[in-house]
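Here's a quick briefing for anyone opening this structure for the first time. Have a look around, then read on.

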Amino acid sequence: MERSNNRGKGFLMFLGRRWALMFLVLESLVFSFTAPAFFSVKGIQIVLFFGTTIFLLGTAETFVIITGGIDLSVGFIMGFASIVSAKLTVIFTRMGLPPGVGILLGILITWMIGLIPGYVNGTLVARLNVPPFIATFSMLGITHGISELLIRGVPAKNLPYLANAIGNGYFIYSVPGEIVSLFKKPIIQRGVLLYEIIPNVVVIAFVFILVFAFILKRSKFGQHTYAVGGNIDAAIRAGINVKAHLIKIYMVSSFFATLSGTIYMLQYITGKADAGAPFLLDAIVSVVIGGASLYGGIGTVGGTILGCLILSVLETGLRMMGVPTFDKYIAVGIILIFAVLVDQFFPELIHKGD
Amino acid sequence: MPSNGSMILDSKGRGSKLLMTAAKNWALLFLFLLVAVFSITGKGFFSLTNFQNIIHLSTIFLLLSAAETYVIIAGGIDLSVGFVMGLSSVLSAKIMQILHASALPEPASMLIGGVVGLTVCIIPGLISGTLIARFNVPPFIATLGMWGVTNGITLRICQGFPISFLPSKLVGLGNGYLLYILPGRAVSFFHKPFGIQGSQIRELVRIFPNSLLFSFFVLFILWYILKHTKFGQHTYAVGGSMDAAIRAGIDVRRHLILTYTLSSFLAGLAGVFNVFQTGIGNFTPFSAMYELFAIAGVVIGGASLMGGKGSILGACVGAVMIRLLENGLSISGVEPFFRFVAVGLILILAVVIDQMFPELF
């Protein structure tokens with residue numbers, strides 16, 4: 001229909017539909033000029049490295065928000081997972097297992113345990129009709145309490161050095177023209193410029209995010225997710241087992257929160273109960289910036305990642321400029337409201353052509 | 001609601017009537033149960049001092065829960081109350097600090113600081129209300145936006161530190177009692193009896209904290225407005241069915257803006273009171289989650305997040321229950337971390353009861 005209009009309007013439409021992307025580009029440009037170190041290989045990787053948590057929590061929220069729910073517990077499930085994985089790893093290494101096996105076992109078992117809060121959330125929401133807000137808030141309290149009990153005020157410690165090497169290591173190390181090595185930091189002389197490319201944790205995070213983005217976009221599971229969020233009655237009539245599906249969705253969300261907790265453990269070599277607390281807002285905001293609707297049925301993982309990038313660039317850029325991080329919260333609040341207003345005023349811009 | 005209840009009464013007779021009353025007031029019963037249990041497990045729990053202490057500490061939560069009650073009944077949610085409270089607390093403390101430093105009399109600086117703090121805190125509510133009512137922004141998002149903005153402004157004002165060096169009379173007012181009795185010897189209002197010895201302070205009986213007086217006064221007004229005025233009826237109408245309210249000729253947009261402004265104002269009141277209670281301007285830390293505990297209190301008190309249901313009295317029971325639980329657990333020597341778990345479990349219980357017996361409420 002819009003094709004019939006003149007060209008200028010078509011271009012405006014094109015821009016409006018991608019306002020989040022435009023905003024990201026604009027933001028990056030501004031920071032490239034105001035913060036000298038921002039536009040560099042290192043700067044971009046810092047954005048990704050510190051954004052890993054938001055990427056994962058945002059993906060977790062995306063699934064839940066598409067079904068029309070909300071998950072407030074992701075932040076503290078993340079803290080819970082960081083503590084459990086740290087504790088398990090320490091126990092396994094004490095038992096005499098090699099550190100690599102210990103870390104791997106610790107993380108895998110934590111992933112299993114991390115499905116439990118999601119299962120409980122999903123059961124409460126789907127089978128007992130508890131509103132998602134209340135169910136997940138209760139789970140927030142419960143996971144917070146349990147993680148504080150597990151550590152009793154002292155952060156988990158004595159993790160093997162390998163955890164640090166994985167969490168803060170890079171995928172590729174290279175001295176231009178001479179050495180290229182994967183995973184392992186080459187031994188070089190002092191003063192030689194070493195390029196470190198793609199942090200390991202970003203690779204781990206994106207493997208999972210891409211797999212689940214694919215599932216959401218192309219599989220029956222994904223289609224059912226949109227169906228449940230779009231119109232739950234229609235979904236029931238279409239023969240979808242809505243209750244079982246909702247439980248699975250909350251388990252996916254909880255799994256991503258757990259994943260982000262284990263990555264936190266690798267990054268900071270400790271476990272902390274409130275590790276994810278400040279990121280709850282960021283996660284929800286990035287989903288909304290990415291074009292999802294809190295009423296359900298709309299949203300994509302790609303959009304969420306774009307939203308996460310906007311927030312991550314904002315935080316890193318402001319920090320590099322030396323602006324106090326307090327201002328970040330003001331900016332995030334304003335961007336959030338702006339995103340929804342754009343959505344309200346130009347609905348035809350956003351949801352055409354999807 | 002009443003017709004529904006009476007129908008079941010007719011069919012089942014007396015025994016179920018008792019059960020109905022019990023289930024309808026389960027929150028209150030649970031509160032009494034908690035008091036009974038903690039009286040046995042905790043030494044010194046069942047005492048006048050401790051009960052006054054619990055009320056004193058729950059004042060902020062009572063105000064925030066009352067604020068949420070209005071918003072939740074109108075079918076919305078206000079996530080910004082915790083940080084609006086921090087904003088008013090820090091702002092009024094900052095103004096008091098400046099005026100106090102410029103040698104203004106203490107009452108004047110306290111009054112000006114408090115009034116400015118309260119007035120400014122109307123603004124976030126106005127903005128989020130306008131966004132919600134005029135621009136159809138979901139309440140969750142609009143107030144979450146205000147959450148970020150107020151938090152940022154608060155931290156900017158206080159630079160991440162509590163604000164101190166305030167007038168010294170503040171704490172006396174916020175932590176004072178209405179009545180002081182030295183058994184058999186002296187009675188005085190609002191201040192300790194003059195010429196009291198150090199050893200006698202232990203025997204001094206303090207009755208009726210000022211904070212109780214204050215919260216009772218505010219909550220009574222709010223209860224009256226919700227129950228007996230047109231504004232309250234409209235709030236229930238808007239929450240019950242938005243379309244019906246519009247058709248009934250209620251100016252829904254204006255009403256929603258007023259509701260969010262009221263909620264924000266009450267959060268501001270809680271913040272100013274917090275300054276009086278602690279004697280410093282506290283910013284709200286991330287892990288405090290005041291808004292979530294306020295919402296939990298309202299839901300425990302029988303409100304529905306779908307709107308149209310809830311009461312100030314219920315919210316008060318819910319808010320006091322959370323504080324009482326915390327107080328009782330710590331007096332009984334249980335680790336404070338169990339509080340989070342306990343609140344979560346009670347919240348689930350509240351909603352599950354609500355879901356299982358819809359005819360009760």
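How many bridges join strand S1 of chain A to S3(A)? There are four, and the two strands run antiparallel. Keep in mind that this is a predicted model.

- Three strands of chain A make up an open sheet, lined up in the order S2-S1-S3 with antiparallel pairing.
- The edges belong to S2 (179–182) and S3 (195–199) of chain A; each has just a single partner strand, so one side of each has no neighbour in the sheet.
- On average, neighbouring strands here are turned by 15° against each other, if you ignore direction.
- As background, strands of a sheet pair through backbone hydrogen bonds, and they can do that either parallel or antiparallel.
- Strand S1 covers residues 170–175 of chain A, and A:Tyr170 sits opposite A:Pro199 of S3(A).
- Helix H8 of chain A, residues 200–218, lies across S1 and S3 of that chain, at about 25° to S3(A).

**Helix H2 in chain A**

- A:Ala20, A:Phe23 and A:Phe31 are the buried ones in H2(A).
- Looking down the axis of H2(A), you'd find its buried residues within an arc of 60°, so they line one face of the helix.
- What do the buried residues of H2(A) pack against? Their partners are two helices of chain A, H12 (279–289) and H13 (301–321).
- Over on the other side of H2(A), A:Val25, A:Leu26, A:Leu29 and A:Phe33 are exposed.

**Chain B as a whole**

- Chain B has 16 helices and three strands.
- Its radius of gyration is 22 Å, close to the 21 Å that the globule rule gives for 361 residues, so chain B is as compact as a globular protein of that length.
- Along the principal axes, the C-alpha atoms of chain B fill a box of roughly 65 × 50 × 35 Å.
- Of the 361 residues in chain B, 46% are buried.
- Take the contacts in chain B between residues at least 6 apart in sequence: 76% of them join residues at least 24 apart.

Key:
Residues numbered from 1 in each chain as written. Chains lettered and ligands numbered in written order. Predicted model: local features only at pLDDT ≥ 70, side-chain atom pairs only at ≥ 80, totals over all residues. Buried ≥ 20, exposed ≤ 12 C-beta atoms within 10 Å, placed from the backbone. Arc of directions from axis to C-beta. Contact = placed C-beta atoms within 7 Å. Pairing = 2+ DSSP bridges. Axes fitted to C-alpha atoms, helices over the stretch in contact; angles between N-to-C directions. Rg over C-alpha atoms; globule rule 2.2 N^0.38 Å.
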